[in-house]
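Welcome! Let us take a short walk through this model together, stopping at a few spots along the chain.

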Amino acid sequence: RTGPYNGWPVDSVEAVVNAKLKHCGAQVSFSGALQENLNNLQTSNLTTGFKNWQQRWLYSQQSLRTALNNPALYFTGFGYHHPLMPLTERFLISLQIQLHRLALTKYLGVPKSSFPKGLFPPENAFSPRMIPALLDAGIEWVLVDNIHFDRAHINYPFTTGSNLFPPNPSDQRNSQNTSWVQLNNIWAPGKVSAPFGYRPYWVQYTDPNNGNIYRIIAVPGARYEGVEDGRGGFGALQYQEVMSQYLFANTDATRPMLVVLAHDGDNYGGGTDSY
């Protein structure tokens, strides 16, 4: 299976650029270890399938731009060796992000001036304990599964169908006015909060040793929608049919809802050319 690594994501982004969707684009995370593996396959006698694997990615950084001259294909920050960051020490988290940036420049043509300010944490695993290390590495925003937002609300309607333990009551500290929507035509055993769970927020960590406070922007990843989108893109996820169910809650023009479809790119349907 070579397509996801040789350029299918670039093909998709190029198609929307050519369709004159002037503000359309996509974000991709690409670990340094994966780039190493592809380099090893490129020079091995095992296969010829990765002989020019960097070519399309380099093209994307040189030629695909939005109307505001931003990269239409934007590489998010990641950890070089795919570390589970909540279980990793502070200096190692920062080191992993810096090493990953070097790999993006060396192999994928990302200029240093475009080093990612946002992070897709490996496996979308997040803990507030990571925040000081992310700030050390120059990260300004981090993707967080929006189920964490919902579970931190005082009115979260917990159900065992979501395959989760009940939330810790001490974490349920948010009381913003929101609706709880049961999504249909998608696997969504638990209700989602709208607009609460679809807005970025400042989140913070307080160092228990000295009381220092560290803050970063948490960008919500749409849990159920992302899973279904990763299963095969349009078709698996009926975008209009699902997202229209919480459109009624998008009433504040100063803080519009943000629906981020975040998922693995080479698992299940996400690794097919139909995506």
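Start at serine 162, which touches Pro189, Gly190, Arg223 and Tyr224, leaving aside residues up to four places away in sequence; contact here means heavy atoms within 4.5 Å. Before going on, please keep in mind that this is a predicted model, in which local features need pLDDT of at least 70, side-chain atom pairs count only at pLDDT 80 or more, and totals for chains, interfaces and linings use all residues. Residues are numbered from 1 along each chain as its sequence is written, and side-chain values use heavy atoms, with hydrogens and water left out.

Serine 162 sits in the loop between helix 7 and strand 5. Helices (H or I, at least four residues) and strands (E, at least two) are DSSP runs, numbered from the N terminus. Is serine 162 buried or exposed? With a relative accessible area of 1%, serine 162 is buried. The cut-offs are these: buried means under 20% relative accessible area, exposed over 50%, and partly exposed in between, using a 1.4 Å probe and protein chains only.

Asparagine 163 counts as exposed because its relative accessibility is 63%. Its phi is near 60°, a positive value in a residue other than glycine. Most residues other than glycine have a negative phi, and most peptide bonds are trans.

Asparagine 124 also has a positive phi, of about 55°, although it is not a glycine. Asparagine 124 belongs to the loop between strand 3 (118-119) and helix 6 (131-136), and at 15% relative accessibility it counts as buried. For a cis peptide bond, look at the link from alanine 194 to proline 195, where omega is near 15°. Proline 195 lies in the loop between strand 6 (192-194) and strand 7 (201-206).

Now turn to helix 8 (residues 223-230), where 7 of the 8 residues are buried. Among them are Arg223 and Tyr224. The cover over the buried residues of helix 8 includes strand 4 (141-145), helix 7, strand 6, strand 8 (213-221) and helix 9 (239-243).

Our last stop is histidine 153, in the loop between helix 7 and strand 5. Histidine 153 is buried, at a relative accessible area of 0%. Not counting residues up to four places away in sequence, histidine 153 touches Gln172, Asn174, Ser175, Gln176, Thr178, Trp180 and Phe196.
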